[in-house]
Amino acid sequence: MTTLKSTLPTARKKIVIKLGGSTLEGLNKAFFSNFKNLQQEGYDIIITHGGGPAINKELEKQNVSSSILNGIRVTNEEAINIVQTTLIGKVNTALVGELNQAGITAIGLNGFDGQLLQSEFLDKETYGYVGKVTSVNTQLINTLCENQIVPVIACVGATADGQALNINGDTIASEVALALAAESLLLVTDVSGIRIDGEYKEEANPNLINQWIEHGHIYGGMIPKVQGAIQVLKSGIPSVQIVNDQLVGTVIVPSLDETLAPS
Ligand SMILES: Nc1ncnc2c1ncn2[C@@H]1O[C@H](COP(=O)(O)OP(=O)(O)O)[C@@H](O)[C@H]1O
Ligand SMILES: CC(=O)N[C@@H](CCC(=O)OP(=O)(O)O)C(=O)O
């Protein structure tokens, strides 16, 4: 007998996977087969990516200077044009091409497409053309996922009047995971998680992470990763990990006092 419950569509669980620019050149079919396995296990996959090294190369080629502050690139008017064309025109298309070749139906997107990542300036005086996400078009992502198409999202936001803004890839990944209420966020990078005093940590929590940032043990590009991870974890997304391309790394878990805190 068919019950009402069994005829209702059940939303598939979603995993947001961020591929750091530092990893992109080394990824291969064996790595992408992880995605196929997850899909076969019933998960929807949403990919977001960075492209820091490719941006650096292009800025250098064109003699445009930029600096990094708290892991965020201070982006002037010349730099935002280079960021936009590099991430969307080069990095995103190359990644989508590789995924399609690996047998994963993927489509490239950025903040402009279907108003996917509506954004505002983060702090124009300090960071220039850097954005913060104000809304994510989850309907667009869900529609693609329902049709077994993997969205591959470049970290470029768009303001209401059509200005492109540079947004750190880790921040975009966290915002997308939050908006979708994803099951899991995986930040894939070039190190096996958080390393403190020469030792990779299998587990970390927000209290420890804040101390490590304060003491300078976590710096640069690791800062937006852990900050995004903490935000995602606090909103109740059960699994957040910072891993290498073998998917080995650090699991971020709630701090003890948060686990004990009355809800
Ligand atoms: N405590 C830490 N543990 C591991 N890596 C760290 C730490 N603090 C800073 N990092 C740096 O963060 C880098 C990863 O960030 P980033 O270069 O932005 O990578 P991605 O391109 O994957 O986002 C590492 O290669 C390392 O140099
Ligand atoms: C604002 C900001 O910092 N934007 C980043 C976007 C690319 C990125 O995040 O690349 P990774 O994932 O390789 O670090 C940048 O300009 O480098």
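Helices here are DSSP runs of H or I at least four residues long, numbered from the N terminus. Keep that in mind as you move through this predicted model.

Stop 1: Select residues 13-244. An unreviewed UniProt entry lists this stretch as "domain: Aspartate/glutamate/uridylate kinase". Over these residues the chain is 42% helix and 27% strand. Now pick the C-alpha atoms at the two ends of the range. They are 23 Å apart.

**Stop 2: ligand 2.** Select ligand 2 next. Ligand 2 sits in the largest pocket. Show the shell around it: 16 residues surround the ligand. The closest are Lys-18, Gly-51, Arg-73, Asn-166 and Gly-169.

**Stop 3: where the shell comes from.** Color helix 4, residues 52-61, and strand 4, residues 72-74. Each supplies at least two residues of the shell around ligand 2. Which element gives the largest share of that shell? Helix 4 does, with three residues.

Stop 4: Color the shell residues by type. Five are nonpolar, nine are polar and two are charged.

Stop 5: Start at Gly-51. One of its backbone N or O atoms lies 2.9 Å from an oxygen atom of ligand 2. Go on to Asn-166. An N or O atom in the Asn-166 side chain is 2.9 Å from a nitrogen atom of the ligand. Finish at Asn-168. Here a side-chain N or O atom is 3.3 Å from an oxygen atom of ligand 2.

**Stop 6: the ligand's surface.** Taken alone, ligand 2 exposes 420 Å², and the protein buries 91% of that.

How values were computed
Residues numbered from 1 in each chain as written. Chains lettered and ligands numbered in written order. Predicted model: local features only at pLDDT ≥ 70, side-chain atom pairs only at ≥ 80, totals over all residues. Heavy atoms only, no water. Near = heavy atom within 4 Å. Polar contact = N/O pair within 3.5 Å; in protein donor to acceptor, adjacent residues only side chain to side chain. Areas by Shrake-Rupley, 256 points an atom, 1.4 Å probe, with all protein chains shown as cover. 1 Å grid on protein atoms, 1.4 Å probe; cavity = no way out; pocket = protein on both sides within 12 Å on 5 of 7 lines; lining within 4 Å. Sits in = over half its atoms within 2 Å of the grid points. Nonpolar A, V, L, I, M, F, W, Y, C, P; charged D, E, K, R; others polar. UniProt positions renumbered as here; feature names shortened; annotations may be inferred.
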